[in-house]
Amino acid sequence: NGTTPSDYNNSTTLSNCKYVHVYPKTASVKHYGVWIGSTELTSANTTSISGVSYEPTTQTLTLNGANITGAPNRQYTSMIKDACGIYAKHDLTIKLSGRNTVKGSENADEQKYGNYGIFVSGRLTFTSASDSVGSITVSGGKSNNSGNAWVPGVYASGITVKNCNVT
């Protein structure tokens, strides 16, 4: 009909447009810097893991009868490629209800470097939920690297234990 693309770009009504792109409005997912095994906790899944919930405003992870095993060779940051049952990029409070277990990866052949139960890049606080004295048993995983592998249960820059049992 003799129109050019610039005619459409300058149009103020949709009736002059040949194509209209409609994009659904989606909420952006917030990443919280906390992983449970191979699952990163985000605004879309803070309660999707059995026995686990996360409150990002207080950086509190609540475990209620949770059994967590680390994911082998998970790339948590550009420098950390280790197995961790729980990994946090910042201070973390773990609130315990009932009996909980966290361990590193069980497959030594897949894990050549660090294999942590819990790795926190900051301070770690264990506390009980208000309804009971909770407990947690934490252990590192296995590694077939006899020269340069860390397999601690808990690694953090500082650890506080309040009214709960940690073994």
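How many aromatic pairs does the count come to? I went looking, and the count comes to six aromatic pairs. Before going further, a reminder to myself: this is a predicted model.

**Entry 1: one ring pair up close**

I picked Tyr32 and Tyr54. Their ring centres are 5.7 Å apart and the planes sit at 45°, so I wrote this pair down as tilted. The cut-offs explain the label: planes under 30 degrees apart count as stacked and over 60 as edge-to-face, with the rest called tilted.

Tyr32 belongs to strand E1 (residues 31-36) and Tyr54 to strand E3, so the pair ties together parts that are 22 residues apart in sequence. Are these two buried or exposed? Tyr32 has 18% relative accessibility, so it counts as buried. Tyr54 is buried as well, with a relative accessible area of 6%.

I also noted an aromatic cluster, made up of Trp35, Tyr87, Tyr116, Phe119 and Tyr155.

**Entry 2: the whole chain**

Next I stepped back for the overall numbers. The chain has one helix and 15 strands. Of its 167 residues, 37% are buried.

**Entry 3: the five-strand sheet**

In what order do the strands of the five-strand open sheet run? I read it off as E3-E4-E8-E11-E14, and the pairing is mixed. Strand E3 (52-55) and strand E14 (158-162) are at the edges; each has a single partner strand, so one side of each has no neighbour in the sheet. On average, neighbouring strands here are turned by 15° against each other, direction ignored.

Strand E11 (residues 123-128) is joined to E14 by five bridges, and the two run parallel. For Phe126, the bridge partner in E14 is Val161.

Thr125 is also in E11. Its relative accessibility is 18%, which is under the 20% limit, so I count Thr125 as buried. Which residues does Thr125 touch, once those up to four places away in sequence are set aside? My list reads Leu92, Thr93, Ile94, Thr160 and Lys162.

A thing to remember while looking at strands: in a regular one, the side chains alternate between the two faces of the sheet.

**Entry 4: the four-strand sheet**

There is also an open sheet of four strands, in the order E5-E9-E12-E15, and its pairing is parallel.

Strand E12 (residues 135-139) pairs with E15 in the parallel sense, over two bridges. Ile136 stands opposite Val166 in E15.

**Entry 5: a covered strand**

How many residues of strand E10 (residues 115-120) are buried? I got six of its six, so I put this strand down as mostly covered, with buried meaning under 20% relative accessible area. E10 pairs with strand E13 (residues 154-155) in the parallel sense, and two bridges link them. In that pairing, Ile118 stands opposite Val154 in E13.

**Entry 6: Thr42**

I found Thr42 in strand E2 (residues 39-42). Its relative accessible area is 9%, so Thr42 is buried. Leaving aside neighbours within four places in sequence, Thr42 is in contact with Val29, Lys30, His31 and Tyr32. That last one is the Tyr32 from my tilted ring pair.

I also looked up the distance to Pro56, which is 14 residues away from Thr42 along the chain. The C-alpha atoms of Thr42 and Pro56 are separated by 9.0 Å.

**Entry 7: cysteines**

A disulfide is a covalent bond between the sulfur atoms of two cysteines. How many disulfides does the structure hold? I noted zero. I still checked how covered two cysteines are. Cys84 is buried, with a relative accessible area of 0%. Cys164 is buried too, at 11%.

Conventions
Residues are numbered from 1 along each chain as its sequence is written. This is a predicted model: local features need pLDDT of at least 70, side-chain atom pairs count only at pLDDT 80 or more; totals for chains, interfaces and linings use all residues. Side-chain values use heavy atoms; hydrogens and water are left out. Two strands pair if DSSP finds at least two bridges between them. Axes are lines fitted to C-alpha atoms, for helices over the stretch in contact, and angles run from 0 to 180 degrees between N-to-C directions. Buried means under 20% relative accessible area, exposed over 50%, partly exposed in between (1.4 Å probe, protein chains only). Contact means heavy atoms within 4.5 Å. A disulfide is a pair of cysteine sulfur atoms within 2.5 Å. Rings of Phe, Tyr and Trp (its six-membered ring) pair if their centres lie within 6.5 Å; planes under 30 degrees apart count as stacked, over 60 as edge-to-face and the rest as tilted.
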